[in-house]
Amino acid sequence: MPARPPLTARRLRLAVELRKMRERAGITATESARALGTSQGQLSNVESGRFGVSPERIRALARIYSCADQGFIEALVDLATDKTFGWWESYREVLPSGLLDLAELEHHAIAVRTAYTSHMPGLLQTADHAREIFRHVIPSPTPPEVEHRVSHRIKRQGVLYGDNPTPYGTTVHEAALHMRVGGRNGARAQLQHLLDMSEREHITIRVLPYDIGAFPGAGQSINYLYGAVPQLDTAQLDQFHGPALLDAEALLDKYRNLLDIVEATALSPEKSRDLIHSIAQNM
C-alpha cells in the first residue's frame, strides 16, 4: 500500500475550509455525507485532511452548502489539484514541519507582509546572519542541522527573485538594526543587504524608529501571506516552540489591521533607507 502523502499546510487548509463551509451552512456531517452519497467516516477523513478530494466533490459540496462564491470555490479546487512537490519537501526528515509549511505558503502567496521587532525578516537575512541566529536555537543544533536551516532559509528567499517575484513589504523596528549579529562586520553586511533589497521595485522596507515609543503589536513578529482569495490568507506568528499558523477570519482581519497601523506609524521607505544607511555607517 503506497505511503499517504504528508499533510501539508495547503492540504490541511483545504480540509479546514471545507469544514468551515459546512458549518456556516448549518449542515451536520451526517446530512452532508448523505447528500453527497458517501459515508460520514469518509467525509470526516476529507475534513481532517487524511483523504484527498476531487474537484467534482468540492463543487458538489459547495452546492450542498449553497456557497455561490465562485472565486473561493475555484481557489479550493486549485488547492485540491496542486500536486507540486516543492523544494521544501526535501527537508521533511531534517527540519520541523512548521518551517516547511511557511516555505510552502510563501511559495504560493500572491503577496507577503511582515513586521519584526527584534529580528531581521527571514526573507531578507544574509546566510551569515541566519547561520549565527540558528547557532543560538534551543536546544543547541548540530553543525549539520544549522546548515540545513540556513540553506532552507536562503531557498525561501527565491520568492523575491526571478521574472515574477512576490510583492513583499516589511516593517522592522530600529532595535533589530542595531543588533550586532555576527559582530560589526556581519551586522554591517546585513544592513547593506537590506539597503540593496530595498531598491527593488517589489520590495518595501519601513523602519519603526526608537522615538515613536509604544506601538501596537510591539514584541510580536508577524508574517501575513495573501492567498489567491482573501479567505485563504494566512497569518504566521513566530513562537518559541515554532511557527503558529492562523486562518480564522476574525484573526486575519485583526492582523491585517495591525500591519496597516504599524506601517502607518513607521518612517517612509525613503527615510527608512536613510536611517539604515546611517546605522550601517556608524556600526
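Close-up 1. Alanine 176 counts as buried because its relative accessibility is 3%, where buried means under 20% relative accessible area, exposed over 50% and partly exposed in between, with a 1.4 Å probe and protein chains only. This is a predicted model, in which local features need pLDDT of at least 70 and side-chain atom pairs count only at pLDDT 80 or more, while totals for chains, interfaces and linings use all residues. Residues are numbered from 1 along each chain as its sequence is written, and side-chain values use heavy atoms, with hydrogens and water left out. Alanine 176 belongs to helix α9 (residues 174–178); helices (H or I, at least four residues) and strands (E, at least two) are DSSP runs, numbered from the N terminus. Beyond its neighbours within four places in sequence, alanine 176 is in contact (heavy atoms within 4.5 Å) with Thr117, Ser118, His119 and Met120.

**Close-up 2. Threonine 126 in the loop between β1 (111–116) and α7 (127–134).** Threonine 126 counts as buried, because its relative accessibility is 18%. A polar atom of the threonine 126 side chain lies 3.1 Å from the backbone nitrogen of histidine 129. Not counting residues up to four places away in sequence, threonine 126 touches Ile154, Ala189, Gln190 and His193.

**Close-up 3. Helix α1 and the glycine that follows.** Of the 17 residues of α1, 12 are buried, so this helix is largely enclosed by the rest of the structure. Among the buried residues of α1 are Leu14, Val16, Glu17 and Arg22. Glycine 26 follows α1 and has a positive phi, near 70°.

Conventions. Polar contact = N/O pair within 3.5 Å; in protein donor to acceptor, adjacent residues only side chain to side chain.
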